[in-house]
Amino acid sequence: MLLAVALPGLAYFLVFHYGALFGNVLAFQDYVPFLGVGGSRWVGLAHFERMFGDPAFWNAVRNTLFIAVLQLVFFFPAPLALALLLNSVVGDTLRRFVQSVVYLPHFLSWVIVVALFQQMLGGAGVVNGWLSTLGFSGVSIIGNPDAYGPLVVAQLVWKECGWATIIFLAALSQVDERQYEAAALDGAGWWRRLWHVTLPAIRPVVVLLLVLRLGEFLSIGFEQFFLQRQSVGPETGEVLETFVYFTGFANGDFGYAAAVGLFKGVIGVVLIYTANKVAHRLGEQGVYKA
């Protein structure tokens, strides 16, 4: 019965993940939808040669790397910090209330989230309206290329931080309470109990999530950046996902778009393999044993 329940999920991955790998052949073709894969002309590595000489592609790579680093530095530790704070709340009622509140933004679409930030931080938004009533000049955040990276990371933290705490809270619930009691009897304060009991206990989970995050280092999202690309222009707002979309669907250059997507996937495989090896060197299991 358990295997039967798992069949729909298995079918999803087989069709939409493994079956979709066949589409990578487009990266080696001058693909024309009306001719199909069988009728389109094979061009070998021509799309990859074009990709490495395309300034627009490298601009998308730079923007993607910049935002990915910001996400890794500021977003990845945020759920862990929030989980530690929630775990320290004594009252179960208060804890459940705070958890419910911080989970809610996850269920909002990016369209709503971007609209909310525009209403708050836009040129005619709440913040600038409040500043003008106080006699100050407005601040330019929405549409400012210099503020774009921190802005999209702040949006991600607000939307997904609460939801991402679920795994960390589950790991924290498995920490033996007797270790905290023994540490307290030995005179360890809150910080030492955190450093010597809590963090070592959840380190395998943290390492596992970090390895998985590095595997998706270049996959920073699509809808969030698609909605805000025009506000700052392609020079700042173009990332690899939007570059693939506009190249393939807007311009009809499916073969070139597939080559960029395949390149991104190969880099992801290399990153997750390397990160997993580093995890093994640190004594952790990582994603898989090798």
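User: Helices (H or I, at least four residues) and strands (E, at least two) are DSSP runs, numbered from the N terminus. In which helix does V61 lie?

Analyst: This is a predicted model in which local features need pLDDT of at least 70 and side-chain atom pairs count only at pLDDT 80 or more, whereas totals for chains, interfaces and linings use all residues. Residues are numbered from 1 along each chain as its sequence is written, and side-chain values use heavy atoms, with hydrogens and water left out. The helix that holds V61 covers residues 55-75 and is α4.

User: How many helices and how many strands does the chain have?

Analyst: The C-alpha atoms of the chain fill a box of roughly 75 × 65 × 40 Å along the principal axes. Its secondary structure comes to 15 helices and two strands.

User: What percentage of the residues in the chain is buried?

Analyst: Buried means under 20% relative accessible area, exposed over 50%, and partly exposed in between (1.4 Å probe, protein chains only). The chain has 290 residues, and the buried share of them is 37%.

User: Is V61 buried or exposed?

Analyst: V61 sits in helix α4. The relative accessible area of V61 is 13%, so V61 is buried.

User: How far apart in space are V61 and K264, C-alpha to C-alpha?

Analyst: K264 belongs to helix α15, residues 254-281, while V61 belongs to α4. In sequence, 203 residues separate V61 from K264, yet their C-alpha distance in space is 9.6 Å.

User: Which residues does K264 touch, not counting residues up to four places away in sequence?

Analyst: K264 is itself buried because its relative accessible area is 17%. Once sequence neighbours up to four places away are set aside, the residues touched by K264 are L218, S219, L240 and E241.

User: How are α4 and α5 arranged relative to each other?

Analyst: Helix α5 covers residues 77-88, and its axis comes within 5 Å of the α4 axis, crossing at roughly 15°. Axes are lines fitted to C-alpha atoms, for helices over the stretch in contact, with angles from 0 to 180 degrees between N-to-C directions. Angles under 35 degrees count as roughly parallel, over 145 as roughly antiparallel, 65 to 115 as roughly perpendicular and the rest as oblique. The arrangement of α4 and α5 is therefore roughly parallel.

User: Which residues is N276 in contact with, leaving aside its neighbours within four places in sequence?

Analyst: N276 is placed in helix α15. Its relative accessibility is 1%, so N276 counts as buried. Leaving aside neighbours within four places, the contacts of N276 are V211, Q285, G286, V287 and Y288.

User: How far apart in space are A275 and F136, C-alpha to C-alpha?

Analyst: A275 lies in helix α15 and is buried because its relative accessibility is 9%. Apart from residues up to four places away in sequence, A275 touches V211 and L214. Between A275 and F136 there are 139 residues in sequence, and the C-alpha distance in space is 48 Å.

User: How many aromatic pairs does the structure hold?

Analyst: Rings of Phe, Tyr and Trp (its six-membered ring) pair if their centres lie within 6.5 Å; planes under 30 degrees apart count as stacked, over 60 as edge-to-face and the rest as tilted. The number of aromatic pairs in the structure is 21.

User: What is the angle between the planes of Y12 and F16?

Analyst: Y12 and F16 are four residues apart in helix α1 (residues 2-18), which means that about one helical turn separates them. Y12 counts as partly exposed at 42% relative accessibility, whereas F16 counts as exposed at 59%. Their pair is tilted, with 5.6 Å from centre to centre and an angle between the planes of 40°.

User: Is the aromatic pair of F222 and F226 stacked or edge-to-face?

Analyst: F222 is partly exposed at 33% relative accessibility, and F226 is partly exposed at 32%. With 5.3 Å from centre to centre and 25° between the planes, the pair of F222 and F226 is stacked.

Conventions:
Contact = heavy atoms within 4.5 Å.
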